[in-house]
Amino acid sequence: MSTPLFFCITHKQPEWPLPDFLTVVGTGGYVPPAGIALSERYPELAFQNEHLGEFAALFALRRMLADAPATSLVGVCHYRRFALTAPLGEMRGFNSYAHPELLAQARPEHFFGEGNKIIVPSLVHFAGSVLR
């Protein structure tokens with residue numbers, strides 16, 4: 001099995017180092033030093049954050065993968081939120097919070113396990129409405 005592709009979407013330079021196996025996808029005008037700048041590759045999507053948020057980057061990634069299909073699992077995360085296969089950090093309510101130094105210790109397996117299963121965060125139910 002080939003190494004899974006893993007994309008990390010961000011609108012600015014992260015304030016902490018990200019694992020090396022993540023390909024940074026810069027939205028808006030952010031051009032990552034290494035990775036994909038939507039403003040250069042997909043300018044029609046790059047500045048749609050106001051209306052589409054991170055979904056603009058997902059549409060761009062779909063276009064890229066349609067042009068060059070992946071041969072393995074494809075993962076996507078946000079620079080501040082990750083769905084991991086093993087706990088990292090300390091539990092606070094339904095989320096695990098990790099200091100940036102802990103993130104640097106994350107191994108690829110934390111992000112894609114054995115590379116053959118879809119990984120999604122757990123479902124969370126809140127009492128009341130979002131407005132409350």
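Predicted model: local features only at pLDDT ≥ 70, side-chain atom pairs only at ≥ 80, totals over all residues.

Trainee: How many salt bridges does the structure hold?

Mentor: A pair counts as a salt bridge when a side-chain nitrogen of Lys or Arg lies within 4 Å of a carboxyl oxygen of Asp or Glu. One of the pairs joins glutamate 109 and arginine 107, with the closest N and O atoms 3.4 Å apart. The total for the structure is 3.

Trainee: Which residue forms a salt bridge with lysine 12?

Mentor: Lysine 12 has a relative accessible area of 30%, and is therefore partly exposed. In this pair the closest N and O atoms are 3.2 Å apart. The partner of lysine 12 is glutamate 15.

Trainee: Is glutamate 15 buried or exposed?

Mentor: The term exposed applies to a relative accessible area over 50%, and buried to one under 20%. Glutamate 15 reaches 64% relative accessibility, so the residue counts as exposed.

Trainee: How far apart are the closest N and O atoms of arginine 63 and glutamate 44?

Mentor: Arginine 63 and glutamate 44 form a salt bridge. Both are partly exposed, arginine 63 at 35% relative accessibility and glutamate 44 at 44%. The separation of their closest N and O atoms is 2.3 Å.

Trainee: Which parts does the salt bridge of arginine 63 and glutamate 44 tie together?

Mentor: The two residues form a salt bridge. Arginine 63 belongs to residues 55-67 and glutamate 44 to residues 43-46, so the pair ties together parts that are 19 residues apart in sequence. The parts are helix α4 for arginine 63 and helix α2 for glutamate 44.

Trainee: What is the relative accessibility of glutamate 109?

Mentor: Glutamate 109 forms a salt bridge with arginine 107. Arginine 107 is partly exposed, with a relative accessible area of 47%. Glutamate 109 also counts as partly exposed, and its value is 39%.

Trainee: Which element gives the most to the nonpolar patch?

Mentor: The patch on the surface is formed by Leu5, Leu52, Phe55, Leu58, Phe59, Val74 and Val76, with about 560 Å² of accessible area together. With 3 residues, the element that gives the most is α4.

Trainee: In which helix does leucine 52 lie?

Mentor: Leucine 52 is among the residues of the nonpolar patch. Its relative accessible area is 31%, so leucine 52 is partly exposed. The helix, which covers residues 49-52, is α3.

Conventions: Residues numbered from 1 in each chain as written. Heavy atoms only, no water. Buried < 20%, exposed > 50% of the residue type's maximum accessible area, 1.4 Å probe, protein only. Helix = DSSP H or I, 4+ residues; strand = E, 2+ residues; numbered from the N terminus. Patch = residues over 30% accessible without salt bridge, like charges linked within 9 Å, V, L, I, M, F, W, Y side chains within 5 Å. Areas by Shrake-Rupley, 256 points an atom, 1.4 Å probe, with all protein chains shown as cover.
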